[in-house]
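Trainee: I am new to this structure and would like to learn how to read its features one at a time. Could we look at it together?

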Amino acid sequence: MNAIEVEKLRKTFRVQQNREGLKGAFKDLFKREYNEVMAVKDISFTIPQGEICGYIGENGAGKSTTIKMLTGILVPTAGSLKVQGYVPHQEREAFVKHIGVVFGQRSQLWWDIGVIESFRLLRKVYRVPEQDFNRRLNELVERLSLQELLNRPVRKLSLGQRMRCELVAALLHQPEVVFLDEPTIGLDIVVKTEIREFLLHMNREYGTTILLTTHDLQDIEALCSRVIMLDDGNIIYDGGLDTLKSTWGKGREVRLQFAKPMELHALHQLTAGLPVTWEAASRMEASVYVPNELNVSDVIGLIVGQAAISDLSIHETNTDDIVREIYKTGSASAPAIEMLQKSAEVEQNSSAHSRGGQLHESAPAQNEKHIQEKRQAEEDARELAAVSGGREKSEGKSDE
Ligand SMILES: Nc1ncnc2c1ncn2[C@@H]1O[C@H](COP(=O)(O)OP(=O)(O)OP(=O)(O)O)[C@@H](O)[C@H]1O
Ligand SMILES: [Mg+2]
C-alpha cells in the first residue's frame with residue numbers, strides 16, 4: 001500500500017472582492033463579488049511507505065493547501081486522495097491517529113500551560129496507552145534534549161525550543177505518516193541540523209513516511225531522495241534529487257581570477273571544442289561550468305597553461321542554484337520546461353532508478369490572488385486545532 005495517493009486533486013477558493021472606496025464598500029453591502037482562485041490544479045502523485053519526499057515551490061504555489069487537504073483540514077474541490085488508506089476529510093477521527101502534522105508557522109501546543117501538560121492532553125486525544133506514552137516520551141525527550149523545557153509554558157520557549165516540542169507533540173502517538181510544513185523556518189543552523197538528524201532517525205528506525213515542505217533546500221538535500229516541485233498549483237517536476245542536479249545543473253563551477261584582464265571571447269577560445277560554458281563577472285573574474293562527464297582538472301590544466309590566473313576555486317552546483325533558476329524561469333519558460341522534460345526522460349530511461357521523474361506543463365500564471373490573509377489564518381488555526389485537539393494560541397497576553 002502506498003502511504004499517500006493523490007489523483008487529479010484540485011482546490012479552488014472563493015475569494016470575496018472588496019470594491020474600492022466608500023461607494024464600493026456600500027455596494028459590497030448589497031452585492032458581494034467573488035473571484036475564484038485555483039490553488040491546486042488537478043495534481044497527481046503517489047508516495048510509497050517510508051519515503052521522505054520534499055514538496056517545494058515558490059510562495060503561493062499551493063504547498064500548504066495540498067498539505068491541508070492531505071491532513072483533512074480542507075475538503076478538496078475535485079479529485080481523490082488517500083493517506084494510509086483513509087480519505088482524510090471523511091474519516092477524520094480514525095485518520096488522525098495515523099498522521100502527525102507540524103505547521104512551522106503555527107503552534108498546536110497550548111500556549112499557557114507546561115509543555116508536558118500539552119503532551120498529556122495529546123495522549124488523551126490520541127488515546128495512547130500510558131505505558132506506550134511514557135516510553136515514547138522518554139525517547140523523544142532524550143533525542144531532542146527537552147528535559148529542561150518540559151515544565152515551562154510554551155509562550156516562554158524560544159522558537160527553536162518550541163519547534164522541538166511541536167515535533168514531539170506531532171509524533172507522540174507514533175504516526176506512520178508525518179506532514180511537515182516548513183518545520184525549520186526561522187531556526188538557527190544548530191537546531192535545523194538537530195531536527196534533520198532527528199527526522200532521519202525517525203524515518204530509518206520506524207519507517208515513517210514524511211512529506212516535507214520547505215524553502216530551505218538544505219533540508220531537501222539532507223533528507224529527501226525525491227522532490228515534487230510545484231508551480232502555480234501544477235507539479236512541474238517529480239523525481240530524484242540526483243537527476244535534478246545532474247541534468248539541470250550547469251555542472252561544477254570553476255571560479256577564476258585573472259592577473260591580467262581577459263575578454264570573454266578569449267576565454268571561449270581557451271576551451272574551444274569543449275562543452276563548457278563561460279560566464280564573466282568582469283574582465284578580471286569569470287566562471288567556467290564543467291559538465292559532469294568532463295574532468296575538471298583537464299579543463300583547469302588547459303586554462304592555466306594559457307591564461308594568467310591569480311586565484312581559482314571549484315564549486316559543486318547546489319540544489320539552491322538549480323531551483324532558483326527554475327523558479328526564475330518558472331511556468332512561462334519553454335526552455336526550462338524542456339530541460340526538465342529531458343531530465344525526467346533520462347531518469348525514466350535509466351534502469352538505475354526505480355522511479356521515473358515526471359514532468360507536467362504549467363498553466364499560465366493566474367492573477368486573482370487577493371485574499372483576506374488574516375481571516376484565512378484564523379480559519380486554518382481553528383481547523384488545525386480541531387484536527388489535533390490543540391487550541392489556538394492566545395498571543396499578545398501579558399507575561400507574568
Ligand atoms: N483560505 C484561502 N482562501 C483563499 N485563498 C487561499 C486560501 N488559502 C490559500 N489561498 C491561496 O491559494 C494559493 C496557494 O496558497 P498556499 O498557502 O497553498 O501556498 P504555499 O505554496 O504554501 O506558499 P508559501 O510558500 O507562501 O507558504 C495562494 O494564491 C493563496 O493566496
Ligand atoms: Mg505554505
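Trainee: Which residues form a nonpolar patch on the surface?

Mentor: Please keep in mind that this is a predicted model. The nonpolar patch on the surface is formed by F26, L29 and F30, which together have about 410 Å² of accessible area. One of them, F26, belongs to helix α1, which covers residues 21-30.

Trainee: Is F26 buried or exposed?

Mentor: A residue is called exposed when its relative accessible area is over 50%. F26 has a relative accessible area of 52%, and therefore counts as exposed.

Trainee: How many residues of helix α2 are buried?

Mentor: Here the cut-off for buried is a relative accessible area under 20%. Helix α2, residues 63-70, is mostly covered, with 7 of its 8 residues buried, and among them are I67, M69 and L70. Just after α2 comes G72, whose phi is positive, at about 85 degrees.

Trainee: In what order do the strands of the sheet lie?

Mentor: For a sheet, one reads the order of the strands and then the sense of their pairing. In this open sheet the 3 strands follow the order β2-β1-β4, with antiparallel pairing. β2 (33-48) and β4 (78-83) are the edge strands, each pairing on one side only. On average, neighbouring strands of this sheet are turned by 25 degrees against each other, with direction ignored.

Trainee: Which strands does α2 touch?

Mentor: Helix α2 packs on the sheet and touches β1, β2 and β4, while its direction makes about 115 degrees with that of β1.

Trainee: Over how many bridges do β1 and β2 pair?

Mentor: Strand β1, residues 2-17, pairs with β2 in the antiparallel sense over 12 bridges, and F13 stands opposite V37 in β2.

Definitions and conventions:
Residues are numbered from 1 along each chain as its sequence is written. Chains are lettered from A and ligands numbered from 1 in the order in which they are written. This is a predicted model: local features need pLDDT of at least 70, side-chain atom pairs count only at pLDDT 80 or more; totals for chains, interfaces and linings use all residues. Side-chain values use heavy atoms; hydrogens and water are left out. Patches are made of residues with over 30% relative accessible area and no salt bridge: like charges are joined within 9 Å, nonpolar side chains (Val, Leu, Ile, Met, Phe, Trp, Tyr) within 5 Å. Accessible areas come from the Shrake-Rupley method with a 1.4 Å probe; for residues, only the protein chains shown count as cover. A salt bridge is a side-chain nitrogen of Lys or Arg within 4 Å of a carboxyl oxygen of Asp or Glu. Helices (H or I, at least four residues) and strands (E, at least two) are DSSP runs, numbered from the N terminus. Buried means under 20% relative accessible area, exposed over 50%, partly exposed in between (1.4 Å probe, protein chains only). Two strands pair if DSSP finds at least two bridges between them. Axes are lines fitted to C-alpha atoms, for helices over the stretch in contact, and angles run from 0 to 180 degrees between N-to-C directions. Contact means heavy atoms within 4.5 Å.
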